[in-house]
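Reader: I would like to know what stands behind the words used for this model. Please set each value against its cut-off.

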Amino acid sequence: MRLDVVTIFPGYFDALELSLLGKAKQRGLIDVHVHDLRDHAHDKHRTVDDTPAGGGAGMVMKPEPWGEALDGVLAESEAEPLIIFPSPAGEVFTQRMARELAEEPHLVFGCGRYEGIDQRVFDEYAARGRVRLVSIGDYILNGGEVATIAMVEAIARLVPGVVGNPESLVEESHEDGLLEYPSYTKPASWRSHDVPPVLLSGNHAAIAAWREEQSIERTRRVRPELLSREQRGESRARHAAE
Ligand code: ADE
């Protein structure tokens, strides 16, 4: 999978050299190219922002550096890339979206800063190809860089070969719509906290049943909206009466 990132802070993406993603890069499973937007700003100060048309607070990213940077990335692409602009105004990123995006051969991330990017940049590339605005949650970051790192990590670990043991991907929170059950290791007792005896029983069916029950219970407590009506223990009749 090829990943291109356009940003005014390339240093953020040094984090992609670490851990599993760093290894995946070394092994050629993901091919990451980080581009400095300021290389495409040609005035003395390499300006990438300007005051908002119509007035108001803050600054808006100018279209010209974005146009030059993205045209360069698209010209190099062998596939028809999907361009993602991280934005609190976008659709919400989920595990389902991560699975969908892990199938793409080429993703381009455009990291906005300040009050955002001139709307005409989105319009231009949406007219020429595929563009999605994506939010990683209902809070405001200073820019798209941290959101991009979160998305790249969630997507790239689903690319075949990146995670050594693919079975570990199946049992995680959100993969089956539930939160993951609690995990334990040795010793069996630590500071008077014991590993639940069922996990030491060797009874695989009982362990699987316990884990499922824990997943449902945890999801009911923390994220009830993820459960189906049946899993929430609500009867259809009660719902119909409401
Ligand atoms: N940029 C600023 N806040 C963001 C968020 N929550 N998700 C994606 N991009 C952002």
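Author: Two strands pair if DSSP finds at least two bridges between them. Helices (H or I, at least four residues) and strands (E, at least two) are DSSP runs, numbered from the N terminus. The model is predicted: local features need pLDDT of at least 70 and side-chain atom pairs count only at pLDDT 80 or more, while totals for chains, interfaces and linings use all residues. Residues are numbered from 1 along each chain as its sequence is written, and side-chain values use heavy atoms, with hydrogens and water left out.

Reader: How do you know that β5 and β6 pair?

Author: At least two bridges are required, and β5 (residues 82–92) and β6 (residues 106–110) have 3, in the parallel sense. I84 has F109 of β6 as its bridge partner.

Reader: What makes β2 and β7 edge strands?

Author: The open sheet of 5 strands runs in the order β2-β1-β6-β5-β7, with parallel pairing. β2 (31–36) and β7 (130–135) each have a single partner strand, so one side of each is left without a neighbour in the sheet.

Reader: Which strands does α4 touch, and at what angle to β7 does its direction lie?

Author: Helix α4 (residues 119–128) packs on the sheet and touches β5 and β7. Contact means heavy atoms within 4.5 Å. The direction of α4 makes about 135 degrees with that of β7; axes are lines fitted to C-alpha atoms, for helices over the stretch in contact, and angles run from 0 to 180 degrees between N-to-C directions.

Reader: Why is the pair of W66 and F85 called edge-to-face?

Author: Rings of Phe, Tyr and Trp (its six-membered ring) pair if their centres lie within 6.5 Å; planes under 30 degrees apart count as stacked, over 60 as edge-to-face and the rest as tilted. The ring centres of W66 and F85 are 6.1 Å apart and the planes stand at 75 degrees, so the pair is edge-to-face. W66 lies in helix α2 (residues 63–76) and F85 in β5, so the pair ties together parts 19 residues apart in sequence. Together with F122, W66 and F85 form one aromatic cluster.

Reader: What makes the D118 and R120 side chains a polar contact?

Author: A polar contact is a pair of N or O atoms within 3.5 Å; within protein, one must be able to donate a hydrogen and the other to accept it, and residues adjacent in sequence count only if both atoms are side-chain atoms. The contact joining the side chains of D118 and R120 is 2.7 Å. D118 is found in the loop between β6 and α4.

Reader: How do you know that the buried residues of α4 line one face?

Author: V121, F122 and Y125 are buried in α4. They fall within an arc of 95 degrees seen down the axis, so they line one face of the helix; the arc is that of the directions from the helix axis to the C-beta atoms. The face turned away from the buried side of α4 carries the exposed residues R120 and A127. The buried residues of α4 pack against α2, β5 and β7.

Terms used
Buried < 20%, exposed > 50% of the residue type's maximum accessible area, 1.4 Å probe, protein only.
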